[in-house]
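Student: I'd like a close look at the inside of this one, please. Here it is.

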Amino acid sequence: MRITLISLDNWGLNKHIASTLEKQGHIVQHIDFNTFKYKYPSILHKAYNFILKALNKPNLKHQHFGKEILKRLEENKEIQDVILTIKGDFIDPKSILEFKKYTNKSIGFFNDNIYRCPKIKRVLHCFDDVFSFEKDDCAKFNLKFAPNWIYNNNVSLSSNTAFEYDVFNISSIDKRLPILARIADELKSKSIKIKFIVYDKKRKPVDNTITYINKHMPLSEVNDYIGRSKVLLDINRIGQIGLTFRVFESLGLDKKLITTNSDIKNYDFYNPNNILIIDEKNPVISPDFFKNEYEKIPDSILHQYTIEGWCENVIFKNLK
């Protein structure tokens, strides 16, 4: 099959979908529009763009992404069996509708929720099929459900069990910071070793508990920290119950998880030995959670969360 993946791959996670499809024998083109650069032609264009954002209209940057993507689709010449677009809310609707000229089927996937990113609503009608990791959005907008995926199950880790950190988390600066700080205080009070990293491009605060960075950390470096940590921490955003990649990183590497997302108990891989659900307002973390070994999830359950299982659900199951 000929498959084009269009994505804003700012963390380098989507490239694993492309490489998996290539290994399966498909002809794959990955258009990563995170690499596209846009510069305002003038100060007037910048002011006009501000007005477009205020009116919740597709801004000039999103229109630029759409035009550049269409150029690459035109250059390809071959009609695609599938075009899969991830984070299509960063592209103007008119361009997404034009994707259909270049494919037999256009599929959208969103791993943000509409509560946090309302601009998703304006592009839902542009696809033949739309998938979301957010169950509430699926129910409200008649979308198909697909969680995120395990991308790191083939990563080899050292057999050394003397981990450098007991708990690791990396996240972007947002309203979750006070929750992260409370969890850090709880863990430190019990002499549990932590490594918490927060990405904030605007400033670099000084904190003895949390490390701040102002540039995106490469995925390889994130995976290095994960490998040196015994347990991962996941904090879901306000209004979001869709599972973050921290959950799937823990599944892929057989690592325990501490999470504020109580909906995780409704998934078939949930095991209270492996996953500790905490209250974000009053996090209580018993040191006993760290004592028992991880209980491996059966492959029959785990497969659907691998990239291969994800592609079966999102791309292949719905092809006519």
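Predicted model: local features only at pLDDT ≥ 70, side-chain atom pairs only at ≥ 80, totals over all residues.

Student: What percentage of the 320 residues in the protein is buried?

Tutor: Buried residues account for 53% of the 320, where buried means under 20% relative accessible area with a 1.4 Å probe, counting protein chains only. Numbering starts from 1 along each chain as its sequence is written, and side-chain values use heavy atoms, leaving out hydrogens and water.

Now for the inside. The largest nonpolar core has 50 residues; such a core is a set of buried Ala, Val, Leu, Ile, Met, Phe, Trp, Tyr and Cys residues joined through side-chain atoms within 4.5 Å. Ile-17, Leu-84, Phe-109, Trp-149, Phe-269 and Trp-310 have the most contacts inside it. Helix 10, residues 307–316, is its top contributor, with 5 residues (helices are DSSP runs of H or I, at least four residues, numbered from the N terminus).

Let's zoom in on Trp-310. Leaving aside residues up to four places away in sequence, Trp-310 touches Ile-17, Leu-84, Phe-109 and Trp-149, among others including Ala-146, Pro-147 and Gln-304; contact means heavy atoms within 4.5 Å. There's also a second, separate core of 25 residues, with Phe-33, Ile-83, Ile-91 and Leu-143 among them.

Across the whole protein, 65% of contacts between residues at least 6 apart in sequence join residues at least 24 apart. For scale, the C-alpha trace spans about 55 × 50 × 35 Å along its principal axes.

Note on methods:
Helix = DSSP H or I, 4+ residues; strand = E, 2+ residues; numbered from the N terminus.
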